[in-house]
Amino acid sequence: MKKLIVLAMVSAVLAGCDDAPAPDAFTPEMASFSNEFDFDPLRGPVKDFSQTLMNEEDKVALRVTGTLSKEGCFETLDFHDVESNTGASLVLNANFYLDSMTQEKRVKLQGKCQLAELSGTGLVYETDDKGFVVTARNSDAEIRYRYDSEGYPLGRTAKSKDKELSVEATVSSDAHKKHDYTAETTLNGEVVGRANQSCRYDSHFNPVSCELVMTDVSVTPNKVQKFTIKNIINYY
């Protein structure tokens, strides 16, 4: 009798796991913006977030912050590369993102709140029938973006006259851990870099913190850099 009770309990637990809701897919806007501006995409009704990249000396190397509407449109987006002292601060205004300091138009939008054109570069974005940015072109280059079936960005390939730079990511087979990945960067078909990331997740299956290892294999000996990513995410 005890064996039957135990088997019944195990079956119930397994059935409960099978019935667990699937994670939210990544929206076209979240996936496309993260692919273009190099931050980790997030699932669910995100209200605001910050992502901070810390180097091995526990110093901030890069910080990205953003706020979103209930509809999933970015209302503000700030990114600051501390090491190179570069970045931008964008604020939504009608069909454009403006520089928050100068009020200059930086990004033109299409549809509800998707990328259309990057001012000053001539870069024009094209979307697929699901609304994801899949191509960007100007007179000098073409960029193609890739996503998996849930909308997670898998990398991009940029082609210019004599160069082709490509990033290809392979994500975890566990759909709840999309931010656990390995990636390879190639230049004209030769591997120049590798990356490996593993994370802890919250109840929305978004990363709370991650460990990122990047290896530059274009130099001898290979240069290895280790980073910690700390995320703060608030939801509606």
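Student: What is the mean pLDDT of the protein?

Tutor: pLDDT is the predictor's confidence in each residue, from 0 to 100. Here its mean over the protein is 92, and 92% of the residues reach 70 or more. Residues 1-17 have a pLDDT below 50, and beyond near neighbours in sequence this stretch has 0 contacts in the model, a contact being heavy atoms within 4.5 Å. Where pLDDT is low, the predicted coordinates should not be read in detail.

Student: How many helices and strands does the protein have?

Tutor: Helices (H or I, at least four residues) and strands (E, at least two) are DSSP runs, numbered from the N terminus. By that rule the protein has 2 helices and 16 strands, and its C-alpha trace spans about 75 × 50 × 35 Å along the principal axes.

Student: How much space lies in the largest pocket?

Tutor: Rolling a probe the size of a water molecule over the atoms shows where empty space is left. On a 1 Å grid over the protein atoms alone, a cavity is a set of points where a 1.4 Å probe fits but cannot get out, whereas a pocket is an open set with protein on both sides within 12 Å along at least five of seven lines, and lining residues have an atom within 4 Å of a point. Grid points are joined across faces, edges and corners, and a volume is the space filled by probe spheres set on the points. Counted this way, the largest pocket holds about 1,500 Å³. Its lining has 49 residues, with Asp38, Phe39, Tyr181, Leu212 and Met214 lying nearest the centre, and by class it comprises 25 nonpolar, 14 polar and 10 charged residues.

Student: Which residues are closest to the centre of the second largest pocket?

Tutor: That pocket has about 150 Å³ of space, and of the 16 residues that line it, Thr27, Gly44, Pro45, Val46 and Gly72 are the closest to its centre. The lining is made up of 8 nonpolar, 4 polar and 4 charged residues.

Student: Is helix H2 mostly covered or mostly uncovered?

Tutor: A residue is buried under 20% relative accessible area, exposed over 50%, and partly exposed in between (1.4 Å probe, protein chains only). Of the 236 residues of the protein, 37% count as buried, and H2 is mostly covered, with 10 of its 10 residues buried. Met30 belongs to this helix and is buried because its relative accessibility is 4%. Leaving out residues up to four places away in sequence, Met30 touches Phe39, Pro41, Leu42, Leu68 and Phe74; the C-alpha atoms of Met30 and Pro41, 11 residues apart along the chain, are separated by 5.9 Å.

Student: Why does Tyr97 count as buried?

Tutor: Tyr97, in strand S5, is buried because its relative accessible area is 1%. Among the residues it touches beyond four places in sequence are Phe33, Phe74, Leu90 and Glu104. Glu104 lies in the loop between S5 and strand S6 (105-110) and is partly exposed, with a relative accessible area of 40%.

Student: Which backbone angles deserve a second look?

Tutor: Most residues other than glycine have a negative phi, and most peptide bonds are trans. Asp38, however, has a positive phi of about 60 degrees, and it sits in the loop between helix H2 (28-37) and strand S1 (46-54). Ala94 also has a positive phi, near 55 degrees; it is found in the loop between strand S4 (86-93) and strand S5 (96-99), and it counts as exposed because its relative accessibility is 63%. Finally, a cis peptide bond with omega of about -5 degrees joins Thr220 and Pro221, and Pro221 is placed in the loop between strand S15 (207-216) and strand S16 (223-235).

Terms used. Residues numbered from 1 in each chain as written. Predicted model: local features only at pLDDT ≥ 70, side-chain atom pairs only at ≥ 80, totals over all residues. Heavy atoms only, no water. Nonpolar A, V, L, I, M, F, W, Y, C, P; charged D, E, K, R; others polar.
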